[in-house]
Amino acid sequence: MSDVEDEMTQALREWVVENVALGVDRELIAQELTKRSVSPQAASEWIESVRSSPMVSTMSELVYRQQKLSSLLQLLKGFFAPPGDPSIDRITHADSVAFFSDYFFKLRPVVVTGLADDWPALSKWSPSYFREHFGNVEISVNADRGSDEAFEENHLDHRTRISIRDFVEWMEHNPDSNDMYVTSRDNLLLNEHLQELRDDFRYPQPFLTEDSPATPEGFNESLWFGAGSLTPLHHDDRSILLVQIYGEKRFDLISPFDFGLVYNDRYCFSSIDPLDSPELQQHLHSVVLGPGEALLIPVGYWHHVLSTSPSITLAFFNLPFDSLWRQSYYGDPDAPQSRYQPRPTPIPSADRPSFADGAKSAPIEP
Ligand SMILES: O=C(O)CCC(=O)C(=O)O
């Protein structure tokens with residue numbers, strides 16, 4: 001075993017574990033190792049010790065289950081989202097039946113026009129309106145985001161208080177900066193001095209319901225306010241409807257059926273930048289949302305959001321059908337723990353077959 005440690009880096013040894021667990025043919029794994037100057041003896045010694053480990057055979061079984069689910073998702077994708085057309089449909093608010101049957105229940109994003117035509121917010125709200133009417137009100141913002149790659153994950157460290165006047169002035173001087181953003185988590189609509197804003201929008205039926213608050217915290221909507229702001233790639237744990245009130249925003253979406261292309265590494269967020277990833281280009285569904293337009297982002301849909309001008313957006317969670325994905329990601333600091341309690345699996349019978357000698361497939365690149 002000392003040969004193995006001398007000849008193979010930790011990364012290469014982990015690569016072998018991954019590929020044995022994936023069921024890749026041992027010969028193919030050994031060939032890849034010898035291409036990287038590992039002696040045939042060290043390669044076969046390590047492959048054999050990995051293969052006979054009960055931990056790896058258990059991993060193989062879990063990988064097999066995941067591959068099975070993944071191939072089912074690919075099949076369902078063909079039914080739900082016909083291949084080839086990356087554009088996002090636009091419908092009018094009169095098409096509410098289609099909104100649910102063709103989009104909400106089929107997990108397909110759609111832009112709805114006309115839904116907010118009678119909202120006072122559309123003609124009233126702008127950065128200068130906020131400054132003139134609420135300039136002295138102190139709000140919470142996420143600040144200094146440019147100094148921290150994980151600004152979303154560390155959002156509590158970036159929470160700052162500032163008057164609306166100073167915030168709007170900062171935006172005017174920094175129109176392309178992501179440094180300060182009023183995000184959903186800043187709960188601007190819960191601010192006691194801003195309650196009159198609630199008279200400026202509605203819950204258009206049947207798209208949104210007043211039946212009960214949508215979130216455990218007791219609210220149905222939140223507000224996003226900024227210029228040049230970026231919300232990195234993430235997915236939500238329920239379907240949401242975003243209504244653009246002022247300015248424009250670009251959305252780049254990736255279907256949850258494209259499982260395997262994207263992953264969470266910061267609870268609901270991913271560090272992948274879809275605009276900087278050539279292999280994701282053909283999987284992106286992109287749209288620019290203008291004032292008065294609404295975008296349905298179905299549960300699980302990855303989205304990367306860029307304000308292309310000063311922008312105000314309302315996000316609604318109170319769609320009338322439950323779409324809460326109770327186990328969407330681990331490690332969500334805001335989620336009630338009870339949602340994420342894994343339960344033990346049944347103890348198997350003694351003669352359950354091992355998966356260590358499983359399916360043969362091509363090795364993945366180390
Ligand atoms: O508008 C934004 O910057 C992000 C909105 C969003 O991603 C969400 O509400 O989940």
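Me: Which residues of helix α8 are buried?
Reply: In this predicted model, the buried residues of α8, which spans 127-134, are P127, F130 and F134.

Me: Nice. How do those sit around the axis of α8?
Reply: Looking down the axis of α8, the buried residues fall within an arc of 75°, so they line one face of the helix.

Me: And what do the buried residues of α8 pack against?
Reply: Their partner is α9, residues 164-173.

Me: Which exposed residues are on the face of α8 turned away from the buried side?
Reply: That face carries S128 and E132.

Me: OK, zooming out. How many helices and strands are there in the protein chain?
Reply: Nine helices and twelve strands. The chain has 366 residues, and 31% of them count as buried.

Me: What share of the contacts with a separation of 6 or more comes from residues 24 or more positions apart?
Reply: Those pairs account for 82% of such contacts in the protein chain.

Me: Now the largest nonpolar core. Which of its residues touch the most other members?
Reply: V182, L241, V243, A294, L295 and L296, out of 55 residues in that core. Strand β7, residues 240-246, gives the most to this core, with six residues.

Me: Pick L241, then. What is L241 in contact with, leaving aside its neighbours within four places in sequence?
Reply: L241 is in contact with F207, L208, A294, L296, F316 and L319.

Me: And how many residues are in the second core?
Reply: The second core is separate and has 15 residues, including V24, L33, A43 and I47. As general background, nonpolar side chains in soluble globular proteins tend to be buried together.

Me: On to the ligand. Which residues surround the ligand?
Reply: The ligand is surrounded by S184, W224, S229, T231, D236, I240, K249, H303, V305, T313 and A315. By class, this shell has four nonpolar, five polar and two charged residues.

Me: Which strands each supply at least two residues of that shell?
Reply: Those are β11, residues 302-307, and β12, residues 311-316.

Me: Is L107 buried or exposed?
Reply: L107 counts as buried because 20 C-beta neighbours lie inside 10 Å.

Me: And where is D144?
Reply: D144 is in the loop between β3 (138-142) and β4. Phi of D144 is near 60°, again positive in a residue other than glycine. D144 is partly exposed, with 13 other C-beta atoms within 10 Å.

Me: While we're at β4, where does I162 belong?
Reply: I162 is in strand β4, residues 159-163. I162 counts as partly exposed, since there are 17 C-beta neighbours inside 10 Å.

Me: What does I162 contact, leaving aside neighbours within four places in sequence?
Reply: I162 is in contact with E138, I139, V141 and F167. I162 and S140 are 22 residues apart in sequence and 6.5 Å apart in space, C-alpha to C-alpha.

Me: Last one: what is the average pLDDT of the protein chain?
Reply: The average is 88, and 88% of the residues score at least 70. Over residues 336-340 the pLDDT is below 50, and this stretch has six contacts in the model beyond near neighbours in sequence. Residues 358-362 also stay under 50, with ten contacts beyond four places in sequence.

How values were computed
Residues are numbered from 1 along each chain as its sequence is written. This is a predicted model: local features need pLDDT of at least 70, side-chain atom pairs count only at pLDDT 80 or more; totals for chains, interfaces and linings use all residues. A residue is near a molecule or strand if its C-beta atom, placed from the backbone, lies within 6 Å of it. Helices (H or I, at least four residues) and strands (E, at least two) are DSSP runs, numbered from the N terminus. Ala, Val, Leu, Ile, Met, Phe, Trp, Tyr, Cys and Pro count as nonpolar, Asp, Glu, Lys and Arg as charged, and the others, Gly among them, as polar. A residue is buried if 20 or more other C-beta atoms lie within 10 Å of its own, exposed if 12 or fewer, and partly exposed in between; C-beta atoms are placed from the backbone. Two residues are in contact if their C-beta atoms, placed from the backbone, lie within 7 Å. A nonpolar core is a set of buried Ala, Val, Leu, Ile, Met, Phe, Trp, Tyr and Cys residues joined through C-beta atoms within 7 Å. pLDDT is the predictor's confidence in each residue, from 0 to 100. The arc is that of the directions from the helix axis to the C-beta atoms.
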